[in-house]
Amino acid sequence: MIKTVEQLNALREKMQQEMALRRGCADGCTEMGGRMQILVCGVAGCQSSGSMGVYNELKRCIIENKLEDEIRLISTGCMGLCALGPLMVVYPGRVMYTKVQPEDVAEIFQSHVLEGKPVERLFAEDNDGSKIADALGHHSFYTKQLKIALKNCGTIDPYSIDEYIGVDGYQALAKVLKEMDPEDVIDTMKDSNLRGRGGAGFPTGMKWAFAASQPKKQKYVCCNADEGDPGAFMDRSVLEGDPHSVIEAMAIAGYAIGSNQGYVYVRAEYPVAVKTLTAAIEKAREYGLLGENILGTGFSFDLEVRLGAGAFVCGEETALMTSIEGHRGEPKPRPPFPAVKGLFDEPTILNNVETYATIPRIILNGADWFNSIGTEKSKGTKVFAVGGKIARTGLVEVPMGTTLREIVYDMCGGIPGGKDFKAAQTGGPSGGCIPAEALDTPIDYDNLIALGSMMGSGGLIVMDEDTCMVDLARFFLDFTVDESCGKCSPCRIGTKRMYEILTRITEGKGEMYDIEKLEILARNIKNSALCGLGQTAPNPILSALRYFKDEYIAHVVDKKCPAGVCKSIMKYKIDPDLCRRCSICKKHCPVEAITGDKKNGFVINQDVCIKCGQCQAKCPFNAILHRDRKGV
Amino acid sequence: MANVCNGCADALAMEKALDEVIARYKGTKGPLIPVLHEAQAIYGYLPFEVQLKIAEGLDLPLADVYGVVSFYTGFTTKPKGKYRVSVCMGTACYVKGAEAILDKFTTSLGINVGDCTEDGKFSLDACRCVGACGLAPVVMINDDVYGNMTPDKVEDVLKKYEDVQEGI
C-alpha cells in the first residue's frame, strides 16, 4: 500500500536500480537487477508465432544452469516489429533477436548468455541487408520513431506495477494531486493541443473543460477501448503492454473534471487485453493508487471494466455509453453532448486508449514539450498499425508530419515482391485511401481530411497493384451494412443500396449511371446519417472514386477487373510463350477446366473455370495470367 | 445426487451458476451485458430459456434481453462447435486473401459460415478483426491463433483437432 508520495518515490528509486540495465547502464552498475535481463514479447503477433515456447525454453535454460539470481526473464508487451516476431531483447547491449524459435534458444543461451558472443544470424536485417544488433536504436524501423504513447510497450512487464512505477509511473498522478488544481490540469491539456487519437481529433482539453464546468455531483470518465476498425491494433497493444498508463491518465481525468468513477469499455475479442487491464486495476487498487483517498490527498477514484460484445457502432461515443448502460448500442442525437448528459445521464468524458496513454507524459514534461513535436495543427505523435502488402508489418509511433513514404518505404521496407505501391488505407471503414501521388504529404489530421481520408484510430493498410479498389470499397460497405445499428434510415437503407450497386459493378453488371447514383447516394448519406458511423460510411467509395475512377469505369464499360480480383469478370489465361507444358496446372485444376497435352500445350475452358487460382499458384513459370491485367 | 443422470446434473449445475451470476450483478448499474457474457460462458450460447431466466432475474422485459442478444454479434442463440473456427475478415487479412481461406474452410468442413458440423465438433465463422494484423491472414480456432495462413494450410490445421482423442 502506497499512502504517500514519498513511498511512491522510494519504490521508484528501488525499481530504477533494478531496471538500470534496461536504461542503458552497462553491467556492473548495479547488483540489484542481476547481470542480464532478457525481454521476450509475449503478446499479439509474437505470441501467435510462438513466443511462449521461446520464453519457456529460456526459463528452462536459466533454471538448468542455476542462473535465476543472475538473469531476469521478462515477458513484455508489443515491441512493434510484428513481422519479424517472435522478438526478444537481451540487456546489456539491447541486442534484439528476430524470428526466434524455441530451437534457437539453446544457441542464444550458450553463445550470448554464457560466452558473451551475440548470435548474429538472428539480428534484424535492415533495408540495405546489414544485420543490426541494437535494432531498437539503429534499425530504420525504429530510428524515425518517437515513442510517447508506446513508451513503455515492450520495455516493461505489463503485469508489474513496480516496473511501471520504476519508469516514472504514477508520478503524473502524484504531481496533479499534490501540485495542481483541476483547472491547472485542464489548462495544461488545452495548452498541449492534444487532439483525440480515436479518429475525429477533437481537442481533449476542451472536452474536459466542458465536463468540468457542469455543476453535477456525479460525473464519469470513460475510456474507449472498443477498437473496432479492422486492421488497427494500437489500443490492444497499449492495454497489453502498458495498462497502467491508461489507468493513471483516467485518474488524472477524474481529478480534472471532478469524477470518482471510470469505465473502460473493451472489446471482448481482446481477451489478453482484458486480462492484463483487469490485473492492472486490481494491482493499482491494492497499492492504493485507485480507490479511496489516493496518496493521502482525499481524492478518490475507481475503475470498472466493461466488455463489448461485437458491435462496431459501439465505438461511437453515445452508442458506447448506451451499451455500458446495458442496452442495444444505438447512438443518440447530439446535443446534448456527453460532457453535459452522457453515461447514466450524467456529465461524461470519453477518450480513447492512445489519448490516455499520452497524457501522463504531457503532465510530467509540460505542454511546451508536447507542442514542440508535430505539425502546426496536429501536435505530438500518432501510433499506426501498419499492415497489408508491406514487408515489415507492425506498430510504429511517429511524430505528426511524418510522410507516408517514410513509413512505408524507410521504416517498413516497402512492398514485397517488387510490386508497386497503389494506395494506403487509413481510417478503416470511415476513412479512405491515399494514392501514390500523396506519398510525400506530411501526415496530420487536416492533411488526411484534405486528401479525402481521415486519421482514424491509426490502422494503415498498404495495398499493391493486386488490390481492386472497387472490391475494397465493397468490402468496407459490406462491413458497414453489417454493423449499421438500423436506427436511422440513411445508414440502414442507404449503405445497403450502395453495397448492392458496388456488388453489381464488381459482377460486371454495372452501368455508367450506377457510378453517378453512387456519388449522389454517398453525399446524401454523409449529410443526413445520425452518427459518425453512417456519416463516414460513404468515405471509402468517395475516395476510391476520386483517385481510382478509371477502375470503376473498367468494371462498368469494359467489364474487366484490372487488378484481377473480381471473380465474376476476371479470367485466367495461359501465356503460350511462358508455358513450358509441364502439365502441373492441369493436375491441380479441381474442376478439369484445363485441357490439352504436353505436345500441343494447354488452354483454360472459361465456361468450366471457377477462378479458384490454384493453377496460377502452382505454375512454376508464372505462365498463368489475369486476362485483364494491363498489357495482357 | 444419486438419482440424477449426468446430463441433468450438468443442467442443474449450470442453472445454479447462472443464479449466482444474476445475484452478483443484481442492483448494479447496467448489469445486462456482463450477465449475458457470463451466461454465455456457462452455457456456450444463449437459448431462449436462459434469456427468460435472465429477464426474470434482473427484472427486465424479455424483449429488452432478446433485443440486446440479437444486437451484438458476440452473443449467439445457436450452439457453437467444440472447436470454433474464426477466419479474420479485417482489412489487413482481407487484402491478403482471407476470402480464399474462408472458402477453403467451408469446403473442407462442408458447412456454411455461421454453421456447425453435425457432430458438433467444428463451427465456422467469419469474424471481425482480431488485431493480429501483423500476421495476416489470421485464423483462430478457440484461443489458438494461426498466422500467415494459406488455403493449403487449412487441411493440416484442421487435422490437429481431428486427431485429438475424445477424452472421458
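Here are some questions and answers about a predicted model.

Residues are numbered from 1 along each chain as its sequence is written, while chains are lettered from A and ligands numbered from 1 in the order written. In this predicted model, local features need pLDDT of at least 70, side-chain atom pairs count only at pLDDT 80 or more, and totals for chains, interfaces and linings use all residues; side-chain values use heavy atoms, leaving out hydrogens and water.

Visitor: What radius of gyration does chain A have?
Guide: The radius is taken over C-alpha atoms, and the globule rule is 2.2 Å times the number of residues to the power 0.38. For 632 residues, a compact globule would come near 26 Å. Chain A agrees with that, at 27 Å.

Visitor: What percentage of the residues in chain A is buried?
Guide: Buried means under 20% relative accessible area, exposed over 50%, and partly exposed in between (1.4 Å probe, protein chains only). Chain A has 632 residues. The buried share is 60%.

Visitor: Is A:Glu592 buried or exposed?
Guide: A:Glu592 sits in the loop between α24 (584-588) and β17 (594-597) of chain A. Helices (H or I, at least four residues) and strands (E, at least two) are DSSP runs, numbered from the N terminus. The phi of A:Glu592 is positive, about 55 degrees, although the residue is not a glycine. Its relative accessible area is 69%, so A:Glu592 is exposed.

Visitor: Which residue does a cis peptide bond join to A:Pro336?
Guide: A:Pro336 lies in the loop between α14 and β10 of chain A. A:Pro335 is found in that loop too, and a cis bond joins A:Arg334 to A:Pro335, with omega about -5 degrees. The bond to A:Pro336 is cis with omega about 5 degrees, and the partner is A:Pro335.

Visitor: In what order do the 4 strands of the open sheet in chain B stand?
Guide: Two strands pair if DSSP finds at least two bridges between them. The pairing in this sheet is mixed. The order is β2-β1-β3-β4.

Visitor: Which residue is the bridge partner of B:Ser86 in β3(B)?
Guide: Strands of a sheet pair through backbone hydrogen bonds, either parallel or antiparallel. Strand β1 (residues 83-88) of chain B runs antiparallel to β3 (residues 139-141) of chain B, and 3 bridges join them. Across from B:Ser86, the partner is B:Met140.
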